[in-house]
Structure formats: C-alpha cells, structure tokens
Protein chains: 2
Amino acid sequence: MVKLDSVFHALADPTRRAILARLIEGEATVDEIREPFAMSQPSISRHLKVLEQAGLISARIEGTSRPRRIEPVAFAVIEDWLEQYRAIWQANYARLDEVLTELKLKDDAT
Amino acid sequence: MVKLDSVFHALADPTRRAILARLIEGEATVDEIREPFAMSQPSISRHLKVLEQAGLISARIEGTSRPRRIEPVAFAVIEDWLEQYRAIWQANYARLDEVLTELKLKDDAT
DNA sequence: TCATTATATATTACATCAGCTATATAGCAA
DNA sequence: TTGCTATATAGCTGATGTAATATATAATGA
C-alpha cells in the first residue's frame, strides 16, 4: 500500500539510497548489491527488506538467487506527495536553480 | 547544507508532514501549528527543530513568537534526487497514473 | 519590577534501528 | 544423500528517536 512513513524512512539511510542507485542500472542479486559495501550479507538483506516493505523494490526468484529491481510506483507516490510543494519551491526557482548547481558540486548526491 | 539523510528522516514522521502541510498555507506560530494535534508543546517544538535542522523550514523572530515557514531549497533537493528515478517511473507512466488515482482515493496523502 | 505569554531545553522512559555473529533454509550439482 | 552456494532469519548490543513532565528563557505589558 506504499505508506509515506516507510518510504521516507527507507530513504533516510545512505546505504539504502546507494542500493537504489545501483538498481537504476538494472536488476541485481544480493551478492552483486553487496559487493561495493563493507557490510555483512545479513545487514544488506535487512536493508533490502526495508526497501521492499516500503514498496521501493521487489524481488524475483531465479533458482537460488533473488534479483531485486526498482518498483516505480513508490517513486510516483513521492512525486505525487511533492506535488503540493512544487508551487512553493518553483516560485523561487530562479535562485534555486543556482543553489542546486552549487549543492551538486559540494554534496554527495546519492 | 541540506543532507538527504536528515531530510528524509524528517519526512518519515506523519506529524512532521502534517506540520509542513499546514505551512503550505503560510507562516504559523508554534501555538497555531500545535492546535490540531493532541500533543504537548515541547513535542511539537522538537518536531519543528527536526524540520528546521533538515532545512525544510525556517524560523523568524517576531516579538515573543517565532513563526515558521517552509524553506523551498530542501524540496528542490528532493526533487533533484528524485530526478534520477524519473526515467524509470515515467516509463510505466500510463499504468502509474491510474495507480496514483486509486492510491489517492484510498490513502491518507499527508 | 512583576506577571504573563510564547517557546525552548532538560530529563526520563520506552520503542525502534542498524550493525554484528550464528544459524536456518532452499535450490542445485555431484 | 551430501555438500555447496545464495539468501533469510534470530538474537544480541549500542545508538538514536519520540513522547511526556518539569523547568528555563525571552519579550511584552501593567
């Protein structure tokens, strides 16, 4: 049912956002997802569970592996929630555009 | 510096999202913000602090009160982060549009 | 100055989170 | 069946989150 509470909670963790970023490239197994992280397999599986329960990803069973992929609906729900604030931030767009460019240079955008 | 960790964490709480929704209408003092909630004033102040530290709102001092308002930059940062997923969810847009309509009928969109 | 109003901070209790290690399960291959 | 690989679950621990009550601070008005 894609609840904003769990969606935003899932997104609040940098490891989970990095996992999502990896899945933009396409499906990946737990081991493939785990590879770049200095983290135990159970911890990664836990993160995947949080993402899955939030509706942000889904799993498919293929033999002994369970490749994950991004589930677009949850992102649409965020987009939809954000909609009500768009009028406010677009009113300041001229400035914000510059601000964002600066932020992108400084910040870690994952 | 608007960190996604703190932004998403702030948004994960329904009370805080309701506060933001209230602020869409415009500036409000703590007491005004508090009014619809069955919650103590310190708890509301705590939520406001979380929102402020995430960069989602800001405070202004006016006599003895400190009206809050929405800070657009943080929302632009979310929008910007979401951007990388837009291609994925828009690919499924035809279906998603219907899904969202359904979700809006069922869910609490705050 | 004193009282009042608006808001913030301190403290405490309890719940949830995020990591780990150890162990369980499920499919495949020999 | 046995063992190997991929993944999930259980249980523990320390850190963090959220709510409450009690108290502090800061501005205003009498």
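**Reading a helix and a DNA surface**

Q: Which residue just after H2(B) takes a positive phi?
A: That's B:Gly26, with a phi of about 135°. Helices here are DSSP runs of H or I with at least four residues, numbered from the N terminus. Keep in mind that this is a predicted model: local features need pLDDT of at least 70, side-chain atom pairs count only at pLDDT 80 or more, and totals for chains, interfaces and linings use all residues, while side-chain values use heavy atoms, without hydrogens or water. Residues count from 1 along each chain as written, with chains lettered from A and ligands numbered from 1 in written order.

Q: What happens at the start of H2(B)?
A: There, a side-chain oxygen of B:Asp13 comes within 2.8 Å of the backbone nitrogen of B:Thr15.

Q: Which residues of H2(B) are buried?
A: Buried means under 20% relative accessible area (1.4 Å probe, protein chains only). In helix H2 (residues 14-24) of chain B, they are B:Thr15, B:Arg16, B:Arg17, B:Ile19, B:Leu20 and B:Leu23.

Q: Where do side chains meet a phosphate oxygen of DNA strand C?
A: A polar side-chain atom of A:His47 sits 2.3 Å from one, and a side-chain N or O atom of B:Arg68 is 2.7 Å from one. For B:Lys49, the distance is 3.5 Å.

Q: Which element gives the most to this surface?
A: H4(B), with four residues.

Definitions and conventions:
Polar contact = N/O pair within 3.5 Å; in protein donor to acceptor, adjacent residues only side chain to side chain. Helix = DSSP H or I, 4+ residues; strand = E, 2+ residues; numbered from the N terminus. Buried < 20%, exposed > 50% of the residue type's maximum accessible area, 1.4 Å probe, protein only.
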